[in-house]
Amino acid sequence: MRQRLPKNTYKALRKTIDLGVELDPAVAEVVANAMKDWAIEKGATHFTHWFQPMTGFTAEKHDSFISPTPDGKVIMEFSGKELIKGEPDASSFPSGGIRATFEARGYTAWDCTSPAFIKEDTLCIPTAFCSYTGEALDRKTPLLRSMEAISKQALRVLRLFGNETSQKVITTVGAEQEYFLIDKEFFKKRKDLVYTGRTLFGAMPPKGQELEDHYFGSLKERVAAYMKELDAELWKLGVAAKTRHNEVAPAQHELAPIFSSTNIATDHNQLIMDTMKKVANRHGLVCLLHEKPFAGVNGSGKHNNWSMSTDDGMNLLEPGTTPHENAQFLVFLAAIIKAVDVHADLLRLSAANTGNDHRLGANEAPPAIISIFLGEQLTDILEQIEKGPATSSKQGGMLTIGVSTLPALPKDATDRNRTSPFAFTGNKFEFRMVPSSASISGPNVVLNTIVADVLSEIADQLEKAADFNGAVQQLLQDIVKQHRRVIFNGNGYSEDWVEEAATRGLPNIRSTVEAIPAIITEKAISLYARHGVLSEVELHSRYEILLEEYSKQINIEARTMIEMGKRQIIPAVIKFATELAASINTIKAAAAGADVTVQGDLLAEVSSTLASFKAKSSALEKVTEEAADVEGGALTQATFYRESVFPAMGELRKVGDYIETLVDEALWPMPTYGELLFQV
Ligand code: ADP
Ligand code: MG
């Protein structure tokens with residue numbers, strides 16, 4: 001921009017980007033023209049407003065730059081108006097009842113805080129998407145609103161600490177993205193993967209992840225080639241892909257970018273997911289982003305690393321070497337602790353989807369209970385504060401390895417903890433529950449808003465205090481006393497913790513359907529209204545969308561299972577049983593008195609298991625049909641899917657996976673877990 005825009009235009013645009021000053025249409029006109037020239041030089045012929053409707057995916061409709069001239073030629077044009085505003089038909093995107101199909105107008109509005117980029121031959125302009133009446137229909141709008149909210153409240157607190165220079169506070173995010181890579185030929189033969197993104201049947205092979213030989217293992221050539229191209233494609237889009245490695249489960253990998261402002265990080269995470277899939281296709285691979293593509297091995301998540309920083313570059317969650325003396329840090333820390341405790345239900349919901357229902361609370365992912373890991377040093381300081389002013393910070397010291405040629409290493413004051421859903425990791429928090437396939441907008445809207453809310457209370461309180469230092473001490477003490485229950489440094493995967501959390505009164509919300517109502521409680525509605533992040537109408541619309549999405553996804557999964565059972569598994573098993581029966585008859589005819597007990601026993605077991613499989617399949621079919629007709633609203637219907645359809649799927653799978661272990665491998669009608677997980 002600095003190279004291509006006239007100085008004044010550049011300055012004006014920067015003011016809008018950095019300080020939120022309203023955009024002048026004349027500026028947009030000049031920017032549009034410069035953008036067009038830049039894009040055309042890079043081979044672009046089209047432009048699109050790129051937005052994030054409530055589907056969780058991104059949407060784009062391409063227009064070419066061409067514009068006819070009176071003399072029958074064309075010129076390449078792109079106006080300020082086209083840059084600022086788009087008008088996609090809104091009626092076919094999920095709106096949760098805000099839009100009826102006959103009132104279809106929707107608008108996209110240029111988000112100049114997120115850089116435009118070129119994808120293939122198209123200039124993509126990040127935009128927010130709203131209805132004719134101004135309600136947000138997307139994931140970007142509330143995120144931008146929440147960023148303004150937290151900036152405003154955090155600045156109030158900073159001013160009280162004597163900071164007069166910072167103009168804005170931004171939240172920063174680095175999202176680590178986990179994914180699986182499998183062979184495309186195998187993928188195409190699995191209806192469950194094609195329709196639902198996860199396997200609905202599949203017996204575990206003799207080897208899973210127990211040898212822990214995949215984590216950080218050296219990359220297979222094919223995977224390395226994929227990752228190399230993926231990085232290059234992402235760099236072209238302006239996404240700073242940084243780390244790549246193998247993850248715990250076989251065929252599982254991870255990519256992490258360098259962190260950026262939450263808005264850009266959210267856009268970039270969408271681009272990362274999109275690019276992962278596209279590049280995989282070029283390598284004869286398929287990238288699975290589902291939270292639990294395979295039972296029996298780890299699933300995928302996203303670690304949402306989150307912090308707050310001023311526009312002049314100060315990380316507000318940097319404790320320094322003596323955090324007990326850093327009152328400003330302690331106030332921000334306390335605000336987060338309180339926010340997470342008070343709004344645990346909203347955070348839990350922000351991490352809920354059908355895929356994550358298989359992970360959270362199972363022994364591979366954080367539990368469904370929200371708690372905070374602070375580590376030894378900070379916990380110790382908070383314990384001191386509870387009793388009076390804190391006077392010391394525990395230090396890490398040096399680590400000697402016992403070999404004189406190896407350097408002594410400075411040791412962190414605190415070890416890491418891998419089992420906490422919300423862990424302090426040095427100068428940021430890592431929210432580890434986030435689903436791998438979903439936009440990170442949701443979790444960050446919640447984080448920004450709940451922290452903004454507590455910061456506003458804190459600012460109210462401290463602004464009227466006569467004795468500032470005394471008031472800060474009192475405030476910290478109160479928060480520690482009231483909210484220390486949410487701090488837990490132990491093993492989050494243990495059964496003991498589930499019990500302990502219950503005695504502490506922490507919510508343990510086990511499934512998506514149970515989590516969704518949190519979005520329309522009185523508490524949530526007033527919270528989001530106070531900060532102008534989401535109106536009551538918008539919250540209700542999101543509530544409906546979430547419930548419908550849940551029901552639809554379980555319905556697709558159930559119907560896929562039924563179809564695979566009827567048209568693939570049952571016929572294959574019958575074939576095998578027929579072979580067995582024929583073998584018995586042939587052998588008996590050839591050698592009267594020959595021992596055919598093996599075939600006989602196997603035939604009996606296969607036949608009875610098949611009968612049980614058919615019975616479970618019919619049962620699933622029946623409840624799935626019932627589910628479609630459940631009346632009484634979206635919550636009642638989703639609850640029926642959760643309580644009746646979902647368990648019936650589990651029952652059918654159990655028998656199906658057992659049958660797989662009985663049947664001749666050559667007759668099994670789909671690639672097995674062994675092939676999917678170990679033959680990349
Ligand atoms: P892990 O040890 O959890 O695997 P990684 O090094 O893979 O951690 O990823 C850490 C992520 O945190 C990176 O995306 C990094 O850019 C991000 N990060 C670092 N500092 C901050 C910060 N201040 N705010 C937000 N994210 C940050
Ligand atoms: Mg991590």
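Predicted model: local features only at pLDDT ≥ 70, side-chain atom pairs only at ≥ 80, totals over all residues.
Local features are described only at a pLDDT of at least 70, side-chain atom pairs count only at pLDDT 80 or more, and totals for chains, interfaces and linings use all residues. Residues are numbered from 1 along each chain as its sequence is written, while chains are lettered from A and ligands numbered from 1 in the order in which they are written. Helices (H or I, at least four residues) and strands (E, at least two) are DSSP runs, numbered from the N terminus.

**Confidence**
- The protein has a mean pLDDT of 94, and 99% of its residues reach 70 or more; pLDDT is the predictor's confidence in each residue, from 0 to 100.
- For the complex, the predictor gives an ipTM of 0.96 and a pTM of 0.95.

**Around ligand 1**
- Ligand 1 has 17 residues around it, and T172, G174, F259, N305 and S307 come nearest; a residue counts as near if its C-beta atom, placed from the backbone, lies within 6 Å.
- Strands β9 (169-183), β11 (252-257) and β14 (302-310) each give at least two residues to this shell.
- Six shell residues are nonpolar, eight polar and three charged; here Ala, Val, Leu, Ile, Met, Phe, Trp, Tyr, Cys and Pro are nonpolar, Asp, Glu, Lys and Arg charged, and the others, Gly among them, polar.

**Helix α18**
- Helix α18 covers residues 597-628, and its 32 residues reach 46 Å from first C-alpha to last, close to the expected 46 Å; that expected span is 1.5 Å times one less than the number of residues.
- L610, F613, K616, S617, L620 and T624 are its buried residues; buried means 20 or more other C-beta atoms within 10 Å of a residue's own, exposed 12 or fewer, and partly exposed in between, with C-beta atoms placed from the backbone.
- Among the elements covering them are α17 (536-590) and α19 (634-662).

**Nonpolar cores**
- In the largest nonpolar core, of 144 residues, A335, V340 and V451 touch the most other members; such a core is a set of buried Ala, Val, Leu, Ile, Met, Phe, Trp, Tyr and Cys residues joined through C-beta atoms within 7 Å.
- Helix α17 supplies the largest share of this core, 14 residues.
- A second, separate core of 31 residues includes V286, L288, L289 and L676.

**Two positive phi angles**
- E120, not a glycine, has a positive phi of about 50 degrees, and lies in the loop between β7 (117-119) and β8 (122-131).
- A251, also not a glycine, has a positive phi of about 70 degrees, and sits in the loop between β10 (241-246) and β11.
- E120 is exposed, because it has 11 other C-beta atoms within 10 Å, whereas A251 counts as buried, because it has 24 C-beta neighbours inside 10 Å.

Notes
Contact = placed C-beta atoms within 7 Å.
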